[in-house]
Amino acid sequence: MPVTNKSAYDVKDLGLAPKGKMRIEWAAQSMRVLKLIQERFLLEKPLKGIRVSACLHVTTETANLAITLRDGGADVVLCASNPLSTQDDVAASLVKDYHIPVFAIKGEDNATYYSHIQSALDHRPQITMDDGADLVTTILTKGQDLVPGIIGGTEETTTGVIRLRAMAKQGVLKYPIIAVNDADTKHLFDNRYGTGQSTVDGIIRATNLLFAGLKVVVAGYGWCGRGFAMRSRGLGADVIVTEVNPTRALEARMDGLRVMPMAEAAKIGEVFVTLTGDKSVLRKEHFEAMNDGAVIANSGHFNVEIDIPALEELSTAKRRVREYVDEYEMADGRKIYLLGEGRLINLAAAEGHPASVMDMSFADQALSAEYLAKNSKNLGPKVYPVPTDLDEMVAKLKLESMGIAIDTLTPEQVEYLASWSEGT
Ligand SMILES: NC(=O)c1ccc[n+]([C@@H]2O[C@H](COP(=O)([O-])OP(=O)(O)OC[C@H]3O[C@@H](n4cnc5c(N)ncnc54)[C@H](O)[C@@H]3O)[C@@H](O)[C@H]2O)c1
């Protein structure tokens, strides 16, 4: 049914739809695993009549997921999972061309952001799809009446999974959640190669800096940090890593990178990027030590990794010098440049992860929604992994879509690997 009621959606400008449609179709070309799932969903309708509220970055890739869920029979609405990550043309096209209600406008203020989350919840979801657990958190704090109707939810990112595990541990989680982030076909690829490339892309689009020879400080050597460090080094940057986890710090060192505390790195770095899921990783004492012209950005989920209030307090003047660059002038005349208001720079200043990698993440999402629809009765209010067979199937289909064949175990090898008495 066409969406005609204005209150049924809230997007910037429906006139942007033609551009959004072309970009959605462009992304679809690189999402061949999701396409296979979509074709099956069209025939089998595994989500028939199920109301899905999705709170995800409103990008071309998310559009293809929403269309796949709709084709599987779901009644889908979408809101943004970050105020700066919405692609307004995509939001417009989803409403106009695909008749999927969207509540998201790039640059919306906090009040609008949360009112859009509320609009997505007014849909009375049976499945929630989160990127950062904002839907679940809002349901638990303000929408408990929705809980009896919910069969389950999915979570896309590391920070969300951490929040949800904390809820489960404290006994406040009310329905099963599938931790899509933790699937191998998600974090090994999306967090590493997706965040790696798109964070570089966001910084370059925001600043036009040359990475070759640049001293880049990477805070956090997890999946995202490793990816970003690897890609920065590939462009010729001198990469310095800061960590709090000794094993990860050691890994960074043995990957050939310099490792030191942020207090030391602050004096040396030219570009600083936080990818930790933690708060106040860059703070007052670091801003005080930074050189004139230092550029700071975040690619972790929330905009708390850089202590922006401390930066505001230290500064005597602030101006926007490029679209995604705010210049903060310190009392001693030094200037520090904050990118994308401290929000995920790959989504604020660039287009987020390339479609080819989101193909796997969103295949995991679609299959997890189907799994919930079939199995929710057997699941309790806990955080569950994506079933291994689904995760492996996504890897297999992705390889096939890339035209890559691999070996299979011979019967003799199967026996050998299952035995403890062989090999003597
Ligand atoms: N930008 C994106 O599009 C995108 C994509 C995926 C995930 N994320 C987000 O990025 C963040 C990191 O995700 P991940 O999968 O790499 O997590 P991860 O758990 O694999 O890695 C985080 C690393 O940060 C380190 N860390 C924590 N506090 C630190 C501190 N104070 N200083 C230095 N290091 C610290 C941890 O020890 C860990 O090694 C999360 O918030 C996640 O939700 C963003």
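At what angle do helix 8 and helix 9 pack, and how far apart are their axes? In this predicted model, helix 8 (residues 184-207) meets helix 9 at about 50°, and the two axes are 7 Å apart. That makes helix 8 oblique to helix 9. As for handedness, helix 8 passes helix 9 in a right-handed crossing.

Here is who does the touching. From helix 8 come His 187, Leu 188, Asn 191, Arg 192, Tyr 193, Thr 195, Gly 196, Gln 197, Thr 199, Val 200 and Ile 203, and they meet Trp 223, Cys 224, Gly 227, Phe 228, Met 230, Arg 231 and Ser 232 of helix 9. Sorted by class, this contact has 8 nonpolar, 8 polar and 2 charged residues.

On the helix 3 side the contact uses Glu 61, Thr 62, Leu 65, Thr 68 and Leu 69, while helix 15 brings Ala 355, Met 358, Phe 362, Gln 365, Ala 366 and Ala 369. By class, the contact of helix 3 with helix 15 has 7 nonpolar, 3 polar and 1 charged residues.

**The chain overall**

Stepping back, the chain holds 17 helices and 15 strands. Its radius of gyration is 22 Å, close to the 22 Å that the globule rule gives for 424 residues, so the chain is as compact as a globular protein of that length. The C-alpha trace spans about 75 × 65 × 45 Å along its principal axes. Buried residues account for 55% of the 424 residues. Among contacts between residues at least 6 apart in sequence, 71% join residues at least 24 apart.

Helix 6 (residues 134-142) gives a local view of burial. Its buried residues are Asp 134, Leu 135, Val 136, Thr 138, Ile 139 and Leu 140.

**Loops, and two positive phi values**

Most residues other than glycine have a negative phi. Two residues here go the other way. Arg 124 has a phi near 50° and is found in the loop between helix 5 and strand 4. Glu 341 has a phi near 55°, and its place is the loop between strand 14 (335-339) and helix 14 (345-348). Arg 124 is partly exposed, with a relative accessible area of 41%, and Glu 341 is partly exposed as well, at 34%.

Back around helix 9 (223-234), Ala 237 is found in the loop that runs from there to strand 8 (238-242). Is Ala 237 buried or exposed? With a relative accessible area of 10%, Ala 237 is buried, because the cut-off for that is under 20%. Leaving out residues up to four places away in sequence, Ala 237 touches Phe 211, Ala 212, Gly 213, Leu 214, Val 216 and Ser 232.

Asp 255 lies in another loop, between helix 10 (246-254) and strand 9 (258-259). At 33% relative accessibility, Asp 255 counts as partly exposed. Outside its sequence neighbours up to four places away, Asp 255 touches Tyr 221 and Arg 233. Glu 400, by contrast, is found in helix 16 (residues 388-401), and at 47% relative accessibility Glu 400 counts as partly exposed.

**Sequence gaps and spatial gaps**

| Pair | Apart in sequence | Apart in space |
|---|---|---|
| Ala 237 and Leu 210 | 27 residues | 8.8 Å |
| Asp 255 and Asp 89 | 166 residues | 41 Å |
| Glu 400 and Val 33 | 367 residues | 9.0 Å |

Glu 400 and Val 33 are worth a look on screen: 367 residues separate them in sequence, yet they sit 9.0 Å apart in space.

Definitions and conventions
Residues are numbered from 1 along each chain as its sequence is written. This is a predicted model: local features need pLDDT of at least 70, side-chain atom pairs count only at pLDDT 80 or more; totals for chains, interfaces and linings use all residues. Side-chain values use heavy atoms; hydrogens and water are left out. Contact means heavy atoms within 4.5 Å. Helices (H or I, at least four residues) and strands (E, at least two) are DSSP runs, numbered from the N terminus. Ala, Val, Leu, Ile, Met, Phe, Trp, Tyr, Cys and Pro count as nonpolar, Asp, Glu, Lys and Arg as charged, and the others, Gly among them, as polar. The radius of gyration is taken over C-alpha atoms; the globule rule is 2.2 Å times the number of residues to the power 0.38. Buried means under 20% relative accessible area, exposed over 50%, partly exposed in between (1.4 Å probe, protein chains only). Axes are lines fitted to C-alpha atoms, for helices over the stretch in contact, and angles run from 0 to 180 degrees between N-to-C directions. Angles under 35 degrees count as roughly parallel, over 145 as roughly antiparallel, 65 to 115 as roughly perpendicular and the rest as oblique. A crossing is left-handed if the near helix is turned anticlockwise from the far one by less than a right angle, and right-handed if clockwise.
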